[in-house]
Amino acid sequence: MKKRRILLVLILLFGVAGLAAALYGAIAGQSDTLLLCDESPITRDAQSDFLTVAAQVEDDLKTLRGEMHLTATNRTGSLLSEVVLRLYANAMEEGSLTLSDVKVGGSAASWALDEGDPSVMRIETGWAQGKTLEISWHFELSLPDTGGYTGVEDGLAWAVGALPVPAPWSEGQWQTESWDELAEPSYAHALDLRLSLTLPRGIQAALGGAPVAVQEHEDGTRTLTAQMRGARDVSFAVQRGGAMRQQEQEDVLITVLAQSGSAADRLLTAAREAMSALAGIGLPYPFSALSVVQAQTGHEDGLIGSSMIVLDGEKKGDALLGQVTRLLARQTFGILVENDPWNEPWLSQTPASAVELLTYRRAKGESAYETRFYEEIEIATRLTRPHGVTVGGSVANFGSDSEMTQVLRDQGAAMLLGIEQAVGEEAFLRALRLYVEENTGGIADFDALEQALYEATGSRWDGYLLDGLAS
């Protein structure tokens, strides 16, 4: 009989300002001593919005409740009459999240859910340009047993959930597109985050952000605290049983949460190798901590949160290394630099896939690279697909996750690497680094990538990109 174990992966999404970061962990089978990051406490900064979360996980690992406090400044350039929060992420069930005691400036606030879309919460308040608001609320999140990114199989339970987060503000309005099961679970402006999570006895956890403190309580519970600058979401994972590993690599604290010791070792090795490979081409992992969580997500190539990656962990060898490298690269192209995951999902997956192929070429040589490129990647450009299923298409155009992954990962990488073949690796990587430098902390788009390519290579690539995105 298989050993019973419960794994809950909660990727808590945040909107116009995000949250996120890395993790905490203990070495399975050894002492309970945790490795922590030696960082000064993050406090409110006038230049950034600041979110604090104090939450408690119940013994059944199915209920999370606590308080959230957002300090946000109106930087839209407009006089606003409301603050908009998003309550549900991809595949979270309506009604699983209950809010109460909503306050603005310490006073009870008037709020309501959109009649046609209960994931949209509007808090009525006058908000002048440059004015800072203190907004707080109590929440209770009940994780469903089935559906979405939640399930139970052979004693293993997992879930991807969400807490309310501010919606993004762009193009003169709150962005409230409907959540889509194929879209990435984030679309947010960067913010600073401090997350404290109280856990029952015997529960392991990994937090999004740098783990900076742990407090043991007399009743056997303990509170973990993590923090992160430039977070896009609130991410954490908890489990009973299984295995956890921790190790430093490239000045990054890696924590792995997995089903078994062998899986944890395999994932830790892949994370370390991927981190070194990315540093070798000048695109190092951008945060001080990383959580690697093994869980079923329903996404072929896994999911990302702020300083966290989630994958099924079934691949091995080069296939696993490639997958982890892509997910780590998407911490840069998708978290450090955000993009619209509904309308331009390629801006996260496609550059990360191109970067992973370049690390593969450096490790394996030109011959192995060409074999893989023409057998796995380039062929994707010659497949016949329904109208609208293109690299540059929105999530709504794709029929499945596997279709979207192949188009954005393989066909998209072939498109971008056509530029690399024309200008050389050095100029191509210089363009990607410039794109990151100029858009860190923001939400980038097609024009931002094309501009970086122009500045780095001296040539315009808008026509080529448009042809590649539409074909």
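**The core and its surroundings**

The largest nonpolar core has 125 residues, and F139, L290 and Y435 are the ones that touch the most other members. Here a nonpolar core is a set of buried Ala, Val, Leu, Ile, Met, Phe, Trp, Tyr and Cys residues joined through side-chain atoms within 4.5 Å. Buried stands for under 20% relative accessible area, exposed for over 50%, and partly exposed for what lies in between (1.4 Å probe, protein chains only). Besides this core there is a second, separate one of eight residues, with L257, V293, A295 and V310 among them.

The model is predicted: local features need pLDDT of at least 70 and side-chain atom pairs count only at pLDDT 80 or more, while totals for chains, interfaces and linings use all residues. Residues are numbered from 1 along each chain as its sequence is written, and side-chain values use heavy atoms, with hydrogens and water left out.

Leaving aside neighbours within four places in sequence, Y435 has contacts (heavy atoms within 4.5 Å) with F333, V337, L347, A444, D445, A448, L449 and A452. V337 is also touched by T332, whose other contacts beyond four places in sequence are P284, P286 and V436. T332 belongs to helix α2, residues 317–332; helices (H or I, at least four residues) and strands (E, at least two) are DSSP runs, numbered from the N terminus. T332 counts as buried because its relative accessibility is 7%.

A further buried residue is E356, at 4% relative accessible area, in helix α3, residues 346–364. Not counting residues up to four places away in sequence, E356 touches G322, T325, R326 and R372. The C-alpha atoms of E356 and Q323 are 8.5 Å apart, although 33 residues separate the two along the chain.

Now the sheet. It is open and made of eight strands in the order β6-β5-β9-β3-β2-β15-β18-β17, with mixed pairing; two strands pair if DSSP finds at least two bridges between them. At the edges stand β6 (107–108) and β17 (210–216); each has a single partner strand, so one side of each lacks a neighbour in the sheet.

β3 (residues 63–73) and β9 (residues 132–142) run antiparallel and are joined by eleven bridges. β2 (residues 50–57) is likewise antiparallel to β3, over eight bridges, whereas β2 pairs with β15 (residues 191–199) in the parallel sense over seven bridges.

Phi of E250, which is not a glycine, is near 50°. D251 is in this loop too, with a positive phi of about 65°, and again is not a glycine. E250 is partly exposed because its relative accessibility is 46%, and D251 is exposed because the value there is 74%.
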